[in-house]
Amino acid sequence: MPVFKLQEHIVAFPPADFADSDGLLAEGGLISAEWLLEGYKSGFYLWTSPMRYPKWWTPNPRIVMFPEKLKVPKYVDEVIQKANFTVSFNQDLEGVMKLIQSIENKGEMNNGWLTGKLIKAYLDIQKRGLALSVEVYQNNELVGGAFGAHNGKIYFGEYINGTVEFAREFALIELAKALKERNYIIMDLQKETNETIDVGLSEISRSEYIRILKEK
């Protein structure tokens, strides 16, 4: 399928149905709160190398998590218990982003690079009351976390990572518990990754994901 060229002054996306299985459908626009939020609403997420135009993806299948389907393997639970992690929510978005940036931005630039523009955009999303961060501490030191946006029923995950083993899993587990308590329908985790242990992830089709977005 052709890649649609987006104009910076028109915050809009083509129908996600036009994408192939890889999911790249649009290029252009801006890395800003407006564009990110409209992208989430339309079924897209930003995934691009830092020196190139923004690229917007809507893959098929989509990796998600239904909070009620959280399933923590016994050995993961045992390790987490011994790690003495503690968690907070929406207390240090900027700290979490900079911690993850220090992890992701190593070596050669790639699609995992966390840019200053994305951090700035998320601080704007936070001002709008639509950002959601998870902070993981060990011995009072920030060692991991996650951040994304939400619309009250759907959580749009952007990054999750940690500097110590199982910090990312703990962040994901605690986030799922919190979303379940708040009656969120789904957690979008964008694409498949082998970096995080499966604690109840699911694959759904693009069409099913778009249906959930429309029914929120």
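## Leucine 70

Leucine 70 sits in the loop that joins β5 to α2 (74-83); helices (H or I, at least four residues) and strands (E, at least two) are DSSP runs, numbered from the N terminus. This is a predicted model, in which local features need pLDDT of at least 70 and side-chain atom pairs count only at pLDDT 80 or more, while totals for chains, interfaces and linings use all residues. Residues are numbered from 1 along each chain as its sequence is written, and side-chain values use heavy atoms, without hydrogens and water.

With a relative accessible area of 24%, leucine 70 is partly exposed (buried is under 20%, exposed over 50%, partly exposed in between; 1.4 Å probe, protein chains only). Not counting residues up to four places away in sequence, leucine 70 touches Met65, Ile173, Ala176, Lys177 and Val199; contact means heavy atoms within 4.5 Å.

## Helix α6

In α6 (residues 206-215), Arg206, Tyr209, Ile210, Ile212 and Leu213 are buried. They span an arc of only 155° around the axis, which places them on the same side of α6; the arc is taken over the directions from the helix axis to the C-beta atoms. Exposed residues Ser207, Lys214 and Glu215 are on the face turned away from the buried side.

The cover over the buried residues of α6 includes α1 (33-42), β9 (154-162) and β11 (201-204).

## Helices α3 and α4

Leu93, Glu94, Met97 and Gln101 of α3 meet Gly116, Ile119, Tyr122, Leu123 and Gln126 of α4.
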